[in-house]
Each structure stands twice: as C-alpha cells, then as structure tokens.
Amino acid sequence: PILHHDVEIRKEEFNVILENPSKETDLGDPSICTITILDMSNHGTISVDSTRYHSDPDPGEISIGIKRTGGSDGAVAISYKTIDATAIGGESQNDGSDYIKVGGDTMVQARGNLQNNQPRH
C-alpha cells in the first residue's frame with residue numbers, strides 16, 4: 001500500500017524486485033521495476049505578466065500583473081519589494097523620491113486562483 005503523508009515532495013520512488021523463485025521456476029528479465037509516487041498537488045509557478053510596465057509622471061498607482069501557471073492547488077503566498085534603479089524610492093511623497101518604496105509585503109493567492117493584479121504602487 002502507498003501511504004499518505006503531508007511532506008511536500010514532487011515525487012518519490014522505490015523499487016520492486018522479484019527474487020527467490022521456487023526450483024521449478026526461472027527468474028525472467030527484467031525482474032526489477034521502479035514505482036514512482038507523484039505528488040499530484042501542484043501549486044504552480046508565480047511570475048509577473050510582463051518584464052516592463054510604463055507609468056506617466058502624474059502621481060498615482062501602477063498595477064503589476066501577477067500570474068500563476070502550471071497549477072493552482074492550495075493557497076500560496078509570495079513576498080515582494082521594490083528595488084531602486086534610475087528612479088529612487090522613498091518613504092513619502094514629500095521627500096524628493098520618485099516613488100514610495102515597498103518592502104516585506106506579502107501577496108496571497110487562493111486555491112484555484114490563476115491571475116491577480118497586485119501589487120499596486
């Protein structure tokens with residue numbers, strides 16, 4: 001029997017071997033096989049919809065498209081943050097920065113959810 005446990009492993013394997021036939025029987029080839037236990041729950045892969053987004057210089061928010069491909073079993077969470085490039089992030093609209101920094105925020109996607117439009121900044 002195959003046993004269920006809650007350890008998340010994509011696949012596990014064990015072997016079955018035929019051995020010690022009675023004296024009236026020969027052992028054929030092959031006499032060994034591999035059993036693969038597949039974790040059929042697939043939480044998928046999370047990525048951004050695009051590698052580049054554009055915003056006009058007027059104050060406002062921008063929505064970054066997030067997609068989940070390859071599976072949607074179970075709720076998943078992923079952290080996100082902003083990283084400066086040529087635009088400089090700050091703490092407030094009045095500190096001379098180009099945008100408000102975000103760090104340590106977490107986005108959650110429910111079971112079955114394949115698309116989300118977070119984060120907004």
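Tutor: Let us begin with a side-chain pair: in this predicted model, a polar contact of 2.6 Å joins the side chains of serine 97 and aspartate 95.

Student: What makes the pair of serine 97 and aspartate 95 a polar contact?

Tutor: The cut-off for a pair of N or O atoms is 3.5 Å. The side chains of serine 97 and aspartate 95 are joined at 2.6 Å, so the pair falls within that limit and is called a polar contact.

Student: Which backbone oxygen does the side chain of serine 97 reach?

Tutor: The side chain of serine 97 reaches the backbone oxygen of serine 92, at 3.3 Å. Serine 92 is also among the contacts of serine 97 beyond four places in sequence, together with Ile88, Gly89 and Gly90.

Student: Where does serine 97 lie, and why is serine 97 called buried?

Tutor: Serine 97 lies in the loop between β6 (89-90) and β7 (99-100). Its relative accessible area is 19%, and buried means under 20%, so serine 97 is classed as buried.

Student: Why is valine 76 called buried?

Tutor: The relative accessible area of valine 76 is 15%, which is under the 20% limit, and therefore the residue is buried. Valine 76 lies in strand β5 (residues 76-80).

Student: Which residues does valine 76 touch, leaving out those up to four places away in sequence?

Tutor: Valine 76 touches His43, Ile46, Arg68, Met107, Val108 and Gln109.

Student: How far apart are the C-alpha atoms of isoleucine 78 and methionine 107?

Tutor: They are separated by 5.4 Å, although the two residues are 29 residues apart along the chain. Met107 is also one of the residues that isoleucine 78 touches, with Ile46, Asp105 and Thr106.

Student: Turning to strand β1, why is asparagine 15 called exposed?

Tutor: Asparagine 15, in strand β1 (residues 11-17), has a relative accessibility of 51%. Exposed means over 50%, so asparagine 15 counts as exposed.

Student: Which residues are in contact with asparagine 15, leaving aside its neighbours within four places in sequence?

Tutor: Asparagine 15 is in contact with Ile32, Cys33 and Thr34. With threonine 34 there is also a polar contact between side chains, at 2.9 Å; because this is within 3.5 Å, the term applies.

Student: What is in contact with isoleucine 17, again leaving aside neighbours within four places?

Tutor: Isoleucine 17, which lies in strand β1, is in contact with Ser31 and Ile32. The C-alpha atoms of isoleucine 17 and serine 31 are 5.7 Å apart, and the residues are 14 apart in sequence.

Student: Where is asparagine 20 found, and how do you know that asparagine 20 is exposed?

Tutor: Asparagine 20 is found in the loop between β1 and β2. Its relative accessible area is 68%, which is over 50%, so asparagine 20 is exposed. Its phi is near 55 degrees, a positive value in a residue other than glycine.

Student: Which residues are joined by a cis peptide bond?

Tutor: Aspartate 29 and proline 30 are joined by a cis peptide bond, with omega about 10 degrees. Proline 30 is found in the loop between β1 and β2 (32-38).

Student: What is the secondary structure of the chain as a whole, and what share of its residues is buried?

Tutor: The chain has zero helices and nine strands. Buried residues make up 14% of its 121 residues. The chain exposes about 9,700 Å², of which carbon and sulfur atoms supply 51%.

Student: How much of the contacts with a separation of 6 or more comes from residues 24 or more positions apart?

Tutor: Such residues account for 54% of those contacts.

Terms used
Residues are numbered from 1 along each chain as its sequence is written. This is a predicted model: local features need pLDDT of at least 70, side-chain atom pairs count only at pLDDT 80 or more; totals for chains, interfaces and linings use all residues. Side-chain values use heavy atoms; hydrogens and water are left out. Helices (H or I, at least four residues) and strands (E, at least two) are DSSP runs, numbered from the N terminus. Buried means under 20% relative accessible area, exposed over 50%, partly exposed in between (1.4 Å probe, protein chains only). Contact means heavy atoms within 4.5 Å. Accessible areas come from the Shrake-Rupley method with a 1.4 Å probe; for residues, only the protein chains shown count as cover. A polar contact is a pair of N or O atoms within 3.5 Å; within protein, one must be able to donate a hydrogen and the other to accept it, and residues adjacent in sequence count only if both atoms are side-chain atoms.
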